[in-house]
Amino acid sequence: MFKNKNLWAVFITALVAGLIGGGIAFGAVNYFSNRQAENATAVPSGSNSSGSTKVSNVKVNVSGQSEKAYSSIKNAVVTVINLKKESSNSSNSLYGSIFGESSSSSSSSSSSSKLETYAEGSGVIYKKSGNVAYVVTNNHVISGSNAVEVIMSNGKKVSAKVVGKDSVTDLAVLKINSSVVTTVASFGNSNNIKVGETALAIGSPLGSDYATSLTQGIISAKKRTVSTTNESGQETGEATVIQTDAAINSGNSGGPLINLAGQVIGINSMKLSSSSSGTSVEGMGFAIPSNEVVTIINQLISKGKIVRPALGASLIDLTDITSSQQKSILKLPSSVNEGAVIYQTYAGSPARTAGLKKYDVVTKLDGTKITSVATLRDKLYKLKIGDKVKIGWYHGSTYKTATIHLTETTTTLSSQAK
């Protein structure tokens with residue numbers, strides 16, 4: 001997502017080194033080849049002395065489905081610019097505190113800060129309504145921005161406004177003036193894709209300098225479950241995504257993964273570059289399935305946010321608690337070594353109404369074993385307002401359950417000890 005200013009320097013150095021090394025190798029091979037040729041056959045004097053080599057006029061017809069699919073959607077693919085305020089006089093703020101400048105002086109310095117490009121990603125225009133057009137991208141592309149801009153496929157830059165965003169699914173919707181829009185993408189049914197079928201990724205790898213770059217691969221897996229993390233690196237749950245070997249690089253985030261009909265079947269979101277053991281990984285990119293994308297962006301437009309059930313509690317993984325504290329403070333049975341520990345509940349929340357208290361350990365929700373905060377959130381986010389689910393937890397050595405009726409405004413529970 002971030003542009004590396006030293007990229008060209010590294011590229012040029014590598015290119016020069018390659019040319020020098022290649023020149024040496026080629027020169028040596030060419031020398032010995034020529035010596036062998038001289039010994040084998042004498043070349044007549046003046047042969048080919050005029051340098052008569054020509055370019056062939058033969059034309060190859062390379063038109064195919066990939067080209068047609070790309071051409072049908074390329075003008076709907078945009079570069080998304082995340083702009084943040086950078087203080088133009090940070091040194092004054094630093095020394096100002098030392099010399100006792102007032103807070104008003106500090107705020108004056110802050111107000112003089114200017115917007116600068118913090119990150120670049122991709123997006124795709126999917127809807128046009130009146131004088132407004134909508135763009136879907138990744139939440140992490142625009143996260144923390146003070147302003148957002150969009151660069152159209154023709155290079156025209158326009159301002160964009162965030163309509164809504166969702167960190168759980170890593171999706172965001174922007175709106176721009178529709179007068180600059182010539183092409184709108186359509187969504188295909190991600191349930192109908194097949195492993196092995198061709199997939200095309202379009203976006204701005206390494207930023208706008210490489211806008212509307214096209215890479216081709218296949219669908220490697222229809223439904224791959226991967227762990228998701230927030231900006232702090234904390235695991236937040238799991239996502240079911242499309243796996244592809246089409247090249248996805250920094251800057252491709254938010255861009256479309258399309259089929260050969262030119263339909264968007266996913267929004268490129270992440271790639272795996274190395275395994276937990278440190279092994280280098282190639283050709284493992286992931287996209288949010290189009291069916292999920294459509295569900296989320298429709299809610300973001302209508303409500304500006306995604307409404308989900310919540311326990312109303314702050315939690316921490318049991319595995320982050322030392323074994324001695326698990327015995328002395330939590331007083332858990334030795335058989336319990338996984339779960340989500342509650343360290344705070346909020347007034348009127350489902351957790352507090354059910355009787356959950358600080359240091360209780362949630363181990364089951366709606367029949368699913370809870371091994372961490374991530375699995376708890378993942379299960380909870382798959383439920384809907386109005387669902388009735390059972391939650392199970394340990395209060396010391398006692399296991400308890402409660403049936404939770406999830407509503408948007410009220411929650412009623414009945415609990416019992418076992």
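Which exposed residues does the face of α6 turned away from its buried side carry? They are S302 and K303, where exposed stands for over 50% relative accessible area, buried for under 20% and partly exposed for what lies in between, with a 1.4 Å probe and protein chains only. The model is a predicted one, in which local features need pLDDT of at least 70 and side-chain atom pairs count only at pLDDT 80 or more, while totals for chains, interfaces and linings use all residues. Residues are numbered from 1 along each chain as its sequence is written, and side-chain values use heavy atoms, with hydrogens and water left out.

Helix α6 takes in residues 290-303, 14 residues that reach 20 Å from the first C-alpha to the last, close to the expected 20 Å, the expectation being 1.5 Å times one less than the number of residues. Helices (H or I, at least four residues) and strands (E, at least two) are DSSP runs, numbered from the N terminus. Buried in α6 are S290, V293, I296, I297 and L300. Seen down the axis of α6, these buried residues fall within an arc of 125 degrees, so they line one face of the helix; the arc is taken from the directions from the helix axis to the C-beta atoms. Just after α6, G304 has a positive phi of about 80 degrees.

The strands form the next part of the picture. Six of them close into a barrel in the order β1-β2-β3-β6-β5-β4, with antiparallel pairing, two strands being paired if DSSP finds at least two bridges between them. Strand β1 (residues 77-86) is joined to the antiparallel β2 by ten bridges, and K84 has E116 in β2 as its bridge partner. Helix α6 packs on this sheet, touching β2, β3, β5 and β6, and its direction makes about 60 degrees with that of β6; contact means heavy atoms within 4.5 Å, and axes are lines fitted to C-alpha atoms, for helices over the stretch in contact, with angles from 0 to 180 degrees between N-to-C directions.

Two loop residues deserve a separate look. D170, in the loop between β5 and β6, has a positive phi near 60 degrees although it is a residue other than glycine, and D170 is buried, at 12% relative accessible area. Y359, in the loop between α8 (350-354) and β15 (361-365), likewise has a positive phi, near 80 degrees, but Y359 is partly exposed, at 37%.
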